[in-house]
2 protein chains.
Amino acid sequence: MTGRRTLNGKTAIVKDAIMRPAVGRVAVFPIKRETLTGMTADALRERILRGDYPEGEPLRQDAIADEFGVSRIPVREALRQLEAEGLVTFNPHRGAVVSTLSIQEIIELFEVRAELESDLIRRAIPNMTSQDDSRAREILAAYDAAIRNGEVMSWGELNWQFHAVLYAPSNRLFTLGIVNKLHQQSDRYMRMLLALAHVEQRAKQEHRDIAVAARARDVKRASRLMREHILSAGRILVAFLEEHRSARAKKTRRRAAP
Amino acid sequence: MTGRRTLNGKTAIVKDAIMRPAVGRVAVFPIKRETLTGMTADALRERILRGDYPEGEPLRQDAIADEFGVSRIPVREALRQLEAEGLVTFNPHRGAVVSTLSIQEIIELFEVRAELESDLIRRAIPNMTSQDDSRAREILAAYDAAIRNGEVMSWGELNWQFHAVLYAPSNRLFTLGIVNKLHQQSDRYMRMLLALAHVEQRAKQEHRDIAVAARARDVKRASRLMREHILSAGRILVAFLEEHRSARAKKTRRRAAP
DNA sequence: GCAACGGATGTTGGATACCATATCCGAATC
DNA sequence: GATTCGGATATGGTATCCAACATCCGTTGC
């Protein structure tokens, strides 16, 4: 066996399963040969993005290594990687914690996104085909279905896919990589206010409007709508966080000095 | 002794030296307590940015660990960090190499910079004070002196400082962090064509023009000049690289089949 | 009563030794 | 000439050990 089994039913990152066709048979499909470091990084990233590890949560190397059934080395390397992605913060000799963005940083995050993404869709629309249109429509449908069924989990992924489909015809992979990282950060926070129904409905309508403008190849309108879509989402999130954080700060103070 | 001595006169990252005042004396200044991983990452980053390690150069863990007088662990973590910064590329089981940006990626790099930095200076100018003006003037003077003395080494740092001083009044640290990383990548390539005198002179004049517009608090003009400054630098670099790379490709082909 | 001191304790940062495996390279083979 | 078959070599990873550091907590001293 290649993989490493957990001792007591914990998570475990398995290498097996995929790479075991029938006996004596040759594995035709290119087997996914990732390193443990990469898999650990992926697993941790997903947990952070899904909110399993909330803001400020300390990430103990031993515990994570234990849970995944690996040694501390790949865990540490994965954490370093996530640090450079902005998802994790290292305090020397005190370990890593899930990073916290200040209100100011979140404001900037959405404004940078607005800048880059309105530019991306502007460059993408001239290259769009009817295939892109129907692809966007499909994703929107899946998006709506997910909302109706209350699948909060898949929201982030579908939201990114919708944006990515609109930007893809720009053929700008480098920029898309940057924007993808920014999306990860913003989605991590957006998930917090998905419960608020009017936010979902609003985003859904804005997405629909953008798709229509793109289908009409209306560059200016689509670009403007995208910018406004991002900026308004940012404003709503910031308002929510300001209330949320000030409330939590009060509670902390009260607990500290009762 | 805290530090680790090299065995045979190699580079060595020293922890000592700084943290040893006179005997019995207390270290007043906050001693720089970085981890070896961090120091290794810094050292490697600088070497890559300075061009000591050229594009595509394989980065052997053992060799680096040896040269710095550390074990492989901090080296591997440092490399992971640099990977996420885009300076290094990992090929599973084949090791890390200094990353190479394609022409397309470099085009995008400069266009993203143009987008973000013209926006930054636009937001910064309303907050500028005469102190910022003189600070910019100082850096420009140092920049000129460096060019006159042919100090290619300090060019990248001074160039970034000039840009950073102009953007600082915007109070947008998050965006500045992104832009800083982009600058690192672009400076790495710009250094290649610093020998071309007309490029230096041109950049110098453009910087001067931008500084004048900023001093006049002319938002639109400064923003436009900055955008053009970045885009024209990008165009020159791309032209140079296209020639350079096609020439090298020919030579490689010839050597491969003589 | 309260601040300062001085251990416990636990975690990180790092070294070292060791191993399995993937990749590369050259020689032998067909 | 193309292919196959071994070594070399470097990476990815484990296990174990240790020093430095942060933090908590009880004690001391004022």
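Q: How do you know which residue is the bridge partner of L59(A) in β3(A)?
A: In this predicted model, L59(A) is bridged to A96(A) of β3(A).

Q: What makes β1(A) and β3(A) a pair of strands?
A: Two strands pair if there are at least two bridges between them. β1(A) and β3(A), residues 95-98, share two bridges.

Q: What holds strands of a sheet together in pairs?
A: Strands pair through backbone hydrogen bonds. The pairing can be parallel or antiparallel.

Q: What is the order of the three strands in the open sheet of chain A?
A: The order is β1-β3-β2, with antiparallel pairing.

Q: Why are β1 (58-59) and β2 (88-91) of chain A called edge strands?
A: β1(A) and β2(A) each pair on one side only.

Q: How do the axes of α2(B) and α3(B) cross?
A: The axes of α2(B), residues 61-68, and α3(B) come within 9 Å. They cross at roughly 115°. The crossing is right-handed.

Q: Which residues make the contact of α2(B) with α3(B)?
A: From α2(B) come Q61(B), D62(B), I64(B) and A65(B). From α3(B) come R72(B), V75(B) and R76(B). A contact requires C-beta atoms within 7 Å. By class, this contact has three nonpolar, one polar and three charged residues.

Q: How do you know that the copies meet through the same surface?
A: Of the interface residues of chain A, 100% are also interface residues in chain B, so the surface is the same.

Q: How many residues does each chain give to the contact between chains A and B?
A: Chain A gives 21 residues, and chain B gives 21 residues. On the side of chain A, α3 (72-85), α4 (103-124) and α7 (173-190) each supply at least two. That side of chain A has seven nonpolar, three polar and eleven charged residues.

Q: Which element gives the most to the surface near DNA strand C?
A: α3(B) does, with three residues. By class, the surface has six nonpolar, seven polar and five charged residues.

Methods. Residues numbered from 1 in each chain as written. Chains lettered and ligands numbered in written order. Predicted model: local features only at pLDDT ≥ 70, side-chain atom pairs only at ≥ 80, totals over all residues. Helix = DSSP H or I, 4+ residues; strand = E, 2+ residues; numbered from the N terminus. Nonpolar A, V, L, I, M, F, W, Y, C, P; charged D, E, K, R; others polar. Contact = placed C-beta atoms within 7 Å. Axes fitted to C-alpha atoms, helices over the stretch in contact; angles between N-to-C directions. Left-handed = near helix turned anticlockwise from the far one by under 90°.
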